[in-house]
Amino acid sequence: MARTSRWSEADRAKLLKMVKSGVSEQEIRGKLQTKGAKAALRDMTAVEFAQQLKQAMVEAGDIKQETRKKEKAQAVSYKVTNTGRLTITDFSEITGAKEGASFSLEKPRGRSNAWRLVPVD
């Protein structure tokens with residue numbers, strides 16, 4: 001569960017107005033104080049300043065947030081020939097193996113179903 005912000009929408013609007021008018025970050029952080037852990041006033045931290053400034057810009061419509069669209073990883077399929085050989089055309093590009101390198105195939109270990117291709121020295 002997300003915690004609530006220590007600053008209200010009005011505080012963020014005030015912060016954005018001060019930034020646009022050219023007030024330095026240190027002065028703004030000094031003016032926007034909050035209560036610390038022991039009820040003593042403390043200045044806004046740089047991280048809090050950046051978070052609240054971004055939120056203020058979103059609220060004002062200066063910047064827009066969109067959900068990140070992940071690209072699906074393209075699954076590459078490889079075929080096994082009728083003689084039992086696996087054809088991997090881009091093997092050297094993927095693994096960085098040099099021409100003439102030798103590999104051995106190891107069975108899956110434990111609960112894994114993954115076969116391992118291990119370089120032979």
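Predicted model: local features only at pLDDT ≥ 70, side-chain atom pairs only at ≥ 80, totals over all residues.
**View 1. Arg12 and Glu59 form a salt bridge between two helices.** The N to O distance is 3.0 Å. Arg12 belongs to helix α1 (residues 9-20). Glu59 belongs to helix α3 (residues 46-60). Arg12 is buried, at 11% relative accessibility. Glu59 is partly exposed, at 34%. In total, the model has six salt bridges.

**View 2. Lys20 and Asp62 pair between a helix and a loop.** Their side chains meet in a salt bridge of 3.0 Å, N to O. Lys20 lies in helix α1, while Asp62 sits in the loop between α3 and β3 (79-80). The two residues are 42 apart in sequence, so the pair ties those parts together. Lys20 is exposed, with a relative accessible area of 57%. Asp62 is partly exposed, at 37% relative accessibility.

**View 3. Glu48 and Arg42 meet in a salt bridge.** Here the N to O distance is 2.9 Å. Glu48 has 13% relative accessibility and counts as buried, because the limit for that class is under 20%. Arg42, at 24%, counts as partly exposed.

**View 4. Five residues make a nonpolar surface patch.** Val76, Tyr78, Val80, Leu86 and Ile94 contribute to the patch. Its area is about 480 Å². Tyr78 is located in the loop between α3 and β3. Its relative accessible area is 32%, so Tyr78 is partly exposed.

**View 5. The largest pocket holds about 210 Å³ of space.** By class, the lining has two nonpolar, five polar and three charged residues. Glu48 is the salt-bridge partner of Arg42.

**View 6. The second largest pocket has a nonpolar lining.** Its volume is about 170 Å³. The lining consists of Leu86, Ile88, Leu105, Trp115 and Leu117. These residues divide into five nonpolar, no polar and no charged. Leu86 is also one of the residues of the nonpolar surface patch.

Notes: Residues numbered from 1 in each chain as written. Heavy atoms only, no water. Salt bridge = Lys/Arg side-chain N within 4 Å of Asp/Glu carboxyl O. Helix = DSSP H or I, 4+ residues; strand = E, 2+ residues; numbered from the N terminus. Buried < 20%, exposed > 50% of the residue type's maximum accessible area, 1.4 Å probe, protein only. Patch = residues over 30% accessible without salt bridge, like charges linked within 9 Å, V, L, I, M, F, W, Y side chains within 5 Å. Areas by Shrake-Rupley, 256 points an atom, 1.4 Å probe, with all protein chains shown as cover. 1 Å grid on protein atoms, 1.4 Å probe; cavity = no way out; pocket = protein on both sides within 12 Å on 5 of 7 lines; lining within 4 Å. Points joined across faces, edges and corners; volume = space filled by probe spheres on them. Nonpolar A, V, L, I, M, F, W, Y, C, P; charged D, E, K, R; others polar.
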